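Dear colleague,

Please find below the structure that I am handing over to you, followed by a summary of what was found in it.

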Amino acid sequence: MPARIEDHSRTILDTVVVVDGAPIVTEKKVDALTKVLKKLFSEAGRVREDGFYMPMGPDGKSKGYLFIGFETVEQADNAVRGLNNKRLDNKHTLLVNKFTDIEKYGDDDEEDEEYIEPPEEPYVEQEHLRSWLKEPNSVDQFILYKGESVGVFWNRKSEVPEVNVNRSNWTETYVAWSPLGTYLCSVHHQGVQLWGGDEFGRKARFIHPGVQLLDFSPCENYLVTWSPEPIQLIPENSPMRASFPFTSADEGKQIVVWSVQTGMPVRTFSSAVGPDSENGPGPQGPKKVSWPAFKWTSDDKYLARVVPGQQIFVYETPGMGLLDKKSIRIDGVVDFEFSPAVIKGTGKKDEPEHVISYWTPEMNNQSARVTLMTIPSKEVIRTRNLFNVAECRLHWQNKGAFLCVKVVRFTKTKKSTFTNLEFFRLNEKNIPIEVVELKETVINFAWEPAGDRLVIISTSDVPTAPGAPPGARPPPGKVPGMPGPGGPVKTSVSFYGLERSKGVNGQFRQIMTVERKSSNSIFWSSNGRFVVVAAVGGTSNNTGELDFWDFDFEGEKKEIPGAEEVPANLTLMASGQHYQLTDIEWDPTGRYVATSSSMWGRAMETGYRIWDLKGQLLREEHVERFKQFLWRPRPPTLLTKDQQREVRKNLREYSKVFDQEDIAEESQASKELIAQRLRLLEEWRAWRKAVEAELAEERGGVVPLAFKSEDGSTEIIEEIVDEVISEKEEEIED
C-alpha cells in the first residue's frame with residue numbers, strides 16, 4: 001500500500017472511537033437509542049453522516065458497543081476525555097476509547113497466546129482518611145492560617161496547641177474542610193487540591209484555572225467550584241493538554257461539578273451572575289455571585305439551582321441529568337431550600353421523599369405564596385398564601401421536622417415593616433401552620449440543632465448596611481452588613497421554645513427577651529442546649545460582646561409566666577468580649593467555641609481565643625497577619641439511638657472518669673512545667689557561673705565571696721570593687 005494511502009487510512013481511523021457499555025436494545029428501540037447517543041457525542045464534536053455504526057446480533061438485539069466517527073482527530077480526543085466513564089443512566093456507564101488504541105496492545109501475530117500470570121505486587125497499606133478520630137480522648141483538630149503558614153493542630157485547651165502538620169505556602173488564597181472532615185482543601189490559581197491522612201498527603205487535584213469558590217455536597221461525593229474566568233481549551237501542543245479535563249462542550253462555562261472519587265468533572269454550567277471585581281480576597285468570594293450555586297439534598301441524590309422569576313432546575317446524580325428531563329416552571333420564584341432530612345409518609349406512593357420549599361412574591365393580582373413540594377414526585381403537599389410581603393426567608397430545622405418562614409411585611413402605610421414567623425410542622429397531620437407576630441424586624445434567626453427551640457435577634461432600627469443579594473446565603477448564624485458604617489444598631493434577643501404537655505406539642509412560646517444589646521449573630525453548639533449570642537464585625541466600633549446561654553441549666557428551675565410548659569431553664573452563664581470579632585465557630589463536640597479576629601475582616605488586632613461552653617476563657621493568642629481558624633468537622637456518630645440513650649443514662653458515671661482523667665492530665669502538665677522551670681534554672685546557674693569566671697579573670701583573680709550558713713547552704717555575697725583608672729588635678733581661676 002502506498003505510504004500516502006496508509007497515512008490517510010490512519011487519519012480516518014484516528015477519528016473513530018469505540019463505545020462500550022451501551023444499553024442492549026431490540027430493533028424497535030435502536031432509533032431512540034441512536035438519537036440519544038448522537039446528541040450526547042455531538043457535545044464533543046461533529047459526527048460524520050456515515051460515522052455511526054451499532055452492530056446487531058443474530059437475536060435481533062444490539063451488542064452493547066458501537067463505533068462513532070468524527071470529522072477531526074481533535075473531536076475524537078475530546079470525546080475520549082469528556083465522555084469516558086460517562087454514566088448514561090443508573091445501569092449503564094459508557095467506556096470510550098480511540099479505535100487506534102488497539103495498537104497499544106500489539107498486533108494479533110505478536111501476541112503470546114499462552115497466559116503468563118503477572119507478578120504479585122507487594123501490599124502497601126494506605127493512610128486511613130479518618131485516622132484522627134482514633135485519638136483516645138476525642139481531642140479535636142483545628143486549622144490556623146497565619147501569614148503564609150497553614151498548620152493543623154490538636155486542641156490542648158489552655159495549653160499550647162500540639163502541632164500535627166505545619167507548612168508554608170500550602171495555599172494561595174484560603175483553606176477549607178470538607179463537611180465530614182475527611183479532606184483539607186487548598187485553593188490555588190490553577191485549581192483545588194484535597195489533602196488527607198495522618199501526614200496530609202495529596203489525595204486529589206481538580207484543575208480549574210482562576211478558581212475562587214468551592215462547595216461540597218453533604219456526603220462529600222461531589223465538589224462544586226466556580227471561577228470568574230470562563231473555561232478555555234488548551235492548545236493541542238501544550239504539555240498540559242493531556243491532563244486538562246475539559247472538552248469543547250465545556251468551553252465558556254464557569255461552574256464545574258466534580259466527582260471526588262474519580263477527580264473528573266461530571267458536568268459544567270454557566271454562571272448566572274458575573275463577578276464583582278471590587279471585592280477583596282477571602283473565602284466569601286465575589287459579592288455578586290450567589291453562592292453556593294447549587295443546593296443539595298442531605299443524601300447527595302439531588303442538587304438544584306434557581307433561575308429567579310422563572311424556574312428551578314433539579315438534577316439527579318450521578319448522571320447529572322434533569323429530573324424527568326425538564327425543569328420545574330414556577331413564575332416569579334425567588335428562592336428555595338431543600339429539607340435537610342428525608343420526610344417519611346409523603347408522595348403518591350407513601351414512600352420517603354425529599355421536600356423542597358420555595359416562595360413567590362405578589363404579582364399579577366396574586367398573593368405571595370410559600371409552597372412545599374416532594375421530590376422526585378413533584379407533588380405539592382402544602383401551600384400558604386401571604387399578603388403585603390416585602391421578603392421571605394426559609395429556615396429548616398436540621399432534622400426536617402419544622403420549617404420557619406420569616407416573612408417581612410409592610411404596614412398599611414407601606415412606610416415601615418414588621419415580621420411574622422410562620423411555622424410549618426411537617427411531622428403532624430396535614431402540616432399545620434402556627435403564626436408568631438412580632439412588632440420589630442427580625443435580622444437573625446437560628447434553630448437549635450435537633451431541637452425545637454430557637455433564638456431570634458430583632459431591631460426597631462433599620463440596619464445601616466445592605467444585606468446579602470437575593471438568593472445568597474450568609475454563613476450560619478451570621479448577618480451580612482451588621483454592624484454597618486454608622487455603628488451597631490440596638491437589638492433585642494428573644495428565646496423561644498415549644499410547649500410540651502404530656503408528650504403533646506403545644507405552641508411556640510417566648511421564654512425571655514433581652515433588650516438594648518449590640519448582638520447580631522447566633523451560634524448554637526453542634527449538640528444544642530448551649531448558644532452564643534454575639535456582635536460580629538471587624539469594624540473599629542465593634543466591641544465584640546459575647547453572651548453564653550444555657551437552655552437547660554442544672555440549677556433551680558425559673559418560673560416563666562406564659563411559658564411554664566416549655567422544657568427549658570434558660571440562664572446566662574457568662575459574658576465576655578473579643579474586640580473587632582469577625583468569626584465564631586463551635587468545635588464539633590460542642591465543648592469549646594473559638595472566636596477570632598481576621599485580617600480579612602479588617603480587624604487591627606488579629607488572633608484567636610478558645611472558650612469552654614460555660615464562657616470561661618481558656619486560651620488567648622495574638623497572631624500577626626492572622627487569617628483563619630477552622631475546627632475540623634466530625635462525621636455522624638456510628639452509635640445507634642439505643643446506644644446513645646444508654647450513654648446519656650450513664651453520663652454521670654462517665655463524667656467521674658473524665659474528671660479523673662482531666663485532673664491527671666493537669667497534674668502531668670504541672671510536672672512538665674516544673675521540670676521545664678528546673679531545666680531553665682540550671683541553665684541560668686551555668687550561665688552565671690561562666691560569667692563569674694569571666695569577671696574574676698578581668699578583675700585579676702578577685703571573685704565574689706562565698707561562705708556557708710549555719711544550715712549548711714551556700715550563700716553568695718557580691719563584692720563591688722572601686723578601681724581608680726586615672727587622676728588629674730586642675731586649678732580653676734576665680
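This is a predicted model: local features need pLDDT of at least 70, side-chain atom pairs count only at pLDDT 80 or more; totals for chains, interfaces and linings use all residues.

Residues are numbered from 1 along each chain as its sequence is written, and side-chain values use heavy atoms, with hydrogens and water left out.

Aromatic pairs

A search of the whole structure finds 33 aromatic pairs. Rings of Phe, Tyr and Trp (its six-membered ring) pair if their centres lie within 6.5 Å; planes under 30 degrees apart count as stacked, over 60 as edge-to-face and the rest as tilted. One of these pairs is formed by Phe 423 and Phe 508, which are stacked at 4.2 Å centre to centre with 20° between the planes. This pair links distant parts of the chain, since Phe 423 belongs to strand β28 (residues 417–425) and Phe 508 to strand β33, 85 residues apart. Helices (H or I, at least four residues) and strands (E, at least two) are DSSP runs, numbered from the N terminus. Phe 423 is buried, at a relative accessible area of 1%, and Phe 508 is buried at 5%.

The rings of Tyr 608 and Phe 629 have centres 5.3 Å apart and planes at 35°, so this pair is tilted. It too links distant parts of the chain: Tyr 608 is in strand β40 and Phe 629 in strand β42 (residues 626–631), 21 residues apart. Tyr 608 and Phe 629 belong to one aromatic cluster together with Phe 142, Phe 153, Phe 626 and Trp 631.

Charges over rings

Two arginines have their charged ends over tryptophan rings: Arg 167 over Trp 170, 4.4 Å from the ring centre, and Arg 632 over Trp 132, 3.7 Å from the ring centre. A charge sits over a ring if NZ of Lys or CZ of Arg is within 6 Å of the ring centre and within 35 degrees of the ring normal.

Ser 598 is found in the loop between β39 (592–597) and β40 (607–612). Its relative accessibility is 2%, so Ser 598 counts as buried. The side chain of Ser 598 reaches the backbone oxygen of Lys 627 at 2.8 Å; a polar contact is a pair of N or O atoms within 3.5 Å, where within protein one must be able to donate a hydrogen and the other to accept it, and residues adjacent in sequence count only if both atoms are side-chain atoms. Leaving aside residues up to four places away in sequence, Ser 598 touches Thr 582, Asp 583, Ala 603, Thr 606, Phe 626 and Lys 627, contact meaning heavy atoms within 4.5 Å.

Phe 313 lies in strand β19 (residues 311–316). With the same exclusion of residues up to four places away, Phe 313 touches Leu 303, Ala 304, Arg 305, Val 307, Leu 322 and Ser 327.

Sheets and helices

The chain has five helices and 44 strands, and buried residues make up 43% of its 734 residues.

An open sheet of five strands has the order β2-β3-β1-β5-β4, with antiparallel pairing; two strands pair if DSSP finds at least two bridges between them. Its edge strands, each pairing on one side only, are β2 (47–53) and β4 (86–87). Strand β1 (residues 16–20) pairs with strand β3 (residues 65–70) in the antiparallel sense over five bridges, and Val 19 stands opposite Leu 66 in β3. Helix α2 (residues 30–41) lies across β1, β2, β3, β4 and β5 (93–98), at about 60° to β5. Helix α3 (residues 73–83) lies across β1, β3, β4 and β5, at about 145° to β5. Axes are lines fitted to C-alpha atoms, for helices over the stretch in contact, and angles run from 0 to 180 degrees between N-to-C directions.

Another open sheet consists of four strands in the order β30-β31-β32-β33, with antiparallel pairing. Here the edge strands are β30 (441–447) and β33 (504–517), each pairing on one side only. Strand β32 (residues 491–501) and β33 pair in the antiparallel sense over nine bridges, and the bridge partner of Ser 501 in β33 is Val 504.

Yours sincerely

Note on methods. Buried means under 20% relative accessible area, exposed over 50%, partly exposed in between (1.4 Å probe, protein chains only).
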